[in-house]
Amino acid sequence: GSAAAGLPAHLVSAGALDDGRHEWSIEQGRVMGRPSRIFVRLTVHGGVPRALRVGGHAVPVMTGTIEV
């Protein structure tokens, strides 16, 4: 799931996306019994990512806190 945010940057740097708005969904975890669907929306202008939105629904597996 965390790769959903990095994938768009990789696609832009590889020249695989033109300027404009791109949208797709990523599904994972179904076979494991923890299905999730992640939606990604990316806006590219001048060959540079300008806006990225990642959201969706997931099945929590664990929770925790980190103290610094």
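Mentor: Let us begin with pairing: two strands pair if DSSP finds at least two bridges between them. Please keep in mind that this is a predicted model.

Trainee: What makes S1 and strand S2 a pair?

Mentor: S1 and strand S2 (residues 36-45) are joined by nine bridges in the antiparallel sense. At least two bridges are required, so the term applies to S1 and S2. One of the residues concerned is Trp24, whose bridge partner in S2 is Val40.

Trainee: Why are S1 and strand S3 called edge strands?

Mentor: The sheet is open, with three strands in the order S1-S2-S3 and antiparallel pairing. S1 and strand S3 (48-57) each pair on one side only, and are thus the edge strands. From one strand to the next, the twist averages 15°.

Trainee: Why is His22 called buried?

Mentor: His22, a residue of strand S1 (residues 20-28), has 18% relative accessibility. Buried means under 20%, so His22 counts as buried.

Trainee: How do you know that the side chain of His22 makes a polar contact with Asp18?

Mentor: The side chain of His22 reaches the backbone oxygen of Asp18 at 2.6 Å. The cut-off for such a pair is 3.5 Å, and 2.6 Å lies within that limit.

Trainee: Which residues does His22 touch, not counting those up to four places away in sequence?

Mentor: They are Leu17, Val40, Arg41, Leu42 and Val44. Here contact means heavy atoms within 4.5 Å.

Trainee: Where does helix H1 lie?

Mentor: Helix H1 (residues 3-13) lies across S1, S2 and S3, and runs at about 35° to S2.

Conventions:
Residues numbered from 1 in each chain as written. Predicted model: local features only at pLDDT ≥ 70, side-chain atom pairs only at ≥ 80, totals over all residues. Heavy atoms only, no water. Helix = DSSP H or I, 4+ residues; strand = E, 2+ residues; numbered from the N terminus. Buried < 20%, exposed > 50% of the residue type's maximum accessible area, 1.4 Å probe, protein only. Polar contact = N/O pair within 3.5 Å; in protein donor to acceptor, adjacent residues only side chain to side chain. Axes fitted to C-alpha atoms, helices over the stretch in contact; angles between N-to-C directions.
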